[in-house]
Amino acid sequence: MTDTHASLDRLLAIMRRLRDPDGGCPWDSVQTFESVAPYTLEEAHEVVDAIDRGDYDDLRDELGDLLFQVVFHACMAQEQNLFDFADVATAIGDKLVRRHPHVFADAHYADADAQTRAWEDIKAAERRGRGEADASALTGVARGLSPERRAAKLQSRAARTGFQWSSLPPVVAKLDEEMAELKAECAASTPDAARIEDELGDVLFMLVNLARHTQTDFARALRHANAKFERRFRGMEQLAAADGTRMDDLSLAEQEALWQRVKHAERQDD
C-alpha cells in the first residue's frame with residue numbers, strides 16, 4: 001500500500017506549486033473559491049456516477065479528483081491566512097468524535113432512529129453554541145444542497161415534529177392533486193409561466209416526498225432514468241442509421257416507432 005502521509009504531502013506540495021504565481025499554472029494560480037466551487041460540485045457528481053456504474057477503478061480516480069478539490073480550497077484559504085488542510089482534517093475529526101458519543105464516549109442509543117435524533121440534537125446544540133438563535137426544526141438545512149436533496153431534508157426535519165403522512169396512499173393522493181393543478185394551469189387559454197412554474201415545483205416537491213416515503217433515492221432514480229433515455233435514444237439513432245436515414249429526417253411518428261422497437265428489444269433481452 002502507498003504511504004498515506006507521503007502521498008498527501010506530495011499532493012499538497014503539487015497544489016502549492018500549481019498556485020505559485022511565479023512559474024505555476026496560469027489557470028490554477030488565478031482561481032478563487034467562487035470559480036472553483038462549480039468544479040467541486042461536478043467532481044462530487046462524478047464520484048456518484050462511478051459508484052452507480054460499479055466502476056471502482058474510475059471511483060478511485062474520481063475520489064482523487066474530489067480530494068484535489070478539498071486541497072485546492074484549503075490551499076487558497078491558507079494563502080489568505082484563514083485555515084489550512086490540517087485545520088480541515090482536524091475540524092472534521094473533532095466533529096465526528098463529538099457527534100458519535102455512543103462510539104467515543106458513554107452514550108447509548110436504542111436503535112438507529114434514536115441515534116439520528118441524538119445527532120440532530122447535538123447539531124442543534126452546536127448551533128446554539130455559535131449563537132444561532134433560530135429554533136425552527138428546519139434550521140441548518142443547507143441552502144447549497146441540490147434542490148431535491150434540500151427538499152428531502154426539509155421534509156425529514158418536518159417529519160420529526162409529526163408533520164407527515166403516516167402511510168403511502170395520502171402521499172400519492174396529494175401528488176395526484178398537485179398534478180391536476182399543474183394540468184389545469186397548462187390547459188388555460190393563456191398559460192401563465194409563473195403559475196406553471198409554481199405548480200410544477202409543487203409536483204416535484206411531492207415526488208421527492210413520494211421517494212422519501214418509499215425509501216427511494218430521488219436523485220439516483222433520476223440518474224437511472226437519464227441513463228435509460230440516453231441508451232434508448234442512442235438505440236434509435238443506430239436503428240435509423242441501419243435503415244439509411246437520420247433521426248432529424250424522420251417524422252415524430254416514425255421516431256416513436258423506433259423508440260418502441262428499442263423498448264421491445266430491451267424487454268426481449270431481459
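This is a predicted model: local features need pLDDT of at least 70, side-chain atom pairs count only at pLDDT 80 or more; totals for chains, interfaces and linings use all residues.
We can begin with the helices. Two packed helices are described by the angle between their axes and the distance between the axes. Helix 1, which spans residues 4-19, approaches helix 3 with the two axes coming within 10 Å and crossing at roughly 60°. Helix 1 and helix 3 are therefore oblique to each other, and their crossing is right-handed. The crossing in which helix 8 passes helix 9 is left-handed. Helix 10 (residues 218-242) packs against helix 11 (residues 252-269) at an angle of about 115°, and the axes of the pair lie 9 Å apart. Helix 10 is thus roughly perpendicular to helix 11, with a right-handed crossing.

Attention now turns to charged side chains. Side chains of opposite charge can pair when their charged atoms come close. In this model the count comes to 19 salt bridges. One of the pairs is D52 with R223, whose side chains meet at 2.5 Å from N to O. This pair links distant parts of the chain, since D52 sits in helix 2 (residues 33-53) and R223 in helix 10, 171 residues apart. Both partners have some accessible surface: D52 counts as partly exposed at 26% relative accessibility, and R223 counts as partly exposed at 29%.

A second salt bridge joins E177 to K174, with the closest N and O atoms 3.1 Å apart. E177 and K174 are 3 residues apart in helix 8, so about one helical turn separates them. E177 is partly exposed, with a relative accessible area of 38%, while K174 counts as partly exposed at 24% relative accessibility. Elsewhere, salt bridges that share partners bring D49, R53, D55 and D58 together into one network. Within this group, D55 forms a salt bridge with R53, and the closest N and O atoms are 3.5 Å apart. The relative accessibility of D55 is 28%, so D55 counts as partly exposed. R53 likewise counts as partly exposed, at 42% relative accessibility.

The backbone of two loop residues deserves a look as well. Most residues other than glycine have a negative phi, and most peptide bonds are trans. N81, by contrast, has a positive phi near 60° in a residue other than glycine. N81 is found in the loop between helix 3 (56-79) and helix 4 (85-99). The side of the story that concerns accessibility is simple: N81 is exposed, with a relative accessible area of 71%. Q215 also has a positive phi, of about 55°, although it is not a glycine. The loop that holds Q215 runs between helix 9 (193-213) and helix 10. At 78% relative accessibility, Q215 counts as exposed.

Finally, the surface carries a nonpolar patch. V97, V103 and F104 form this patch, and together they have about 290 Å² of accessible area. F104 has a relative accessibility of 52%, and because exposed means over 50%, F104 counts as exposed.

Notes: Residues are numbered from 1 along each chain as its sequence is written. Side-chain values use heavy atoms; hydrogens and water are left out. Patches are made of residues with over 30% relative accessible area and no salt bridge: like charges are joined within 9 Å, nonpolar side chains (Val, Leu, Ile, Met, Phe, Trp, Tyr) within 5 Å. Accessible areas come from the Shrake-Rupley method with a 1.4 Å probe; for residues, only the protein chains shown count as cover. A salt bridge is a side-chain nitrogen of Lys or Arg within 4 Å of a carboxyl oxygen of Asp or Glu. Buried means under 20% relative accessible area, exposed over 50%, partly exposed in between (1.4 Å probe, protein chains only). Axes are lines fitted to C-alpha atoms, for helices over the stretch in contact, and angles run from 0 to 180 degrees between N-to-C directions. Helices (H or I, at least four residues) and strands (E, at least two) are DSSP runs, numbered from the N terminus. Angles under 35 degrees count as roughly parallel, over 145 as roughly antiparallel, 65 to 115 as roughly perpendicular and the rest as oblique. A crossing is left-handed if the near helix is turned anticlockwise from the far one by less than a right angle, and right-handed if clockwise.
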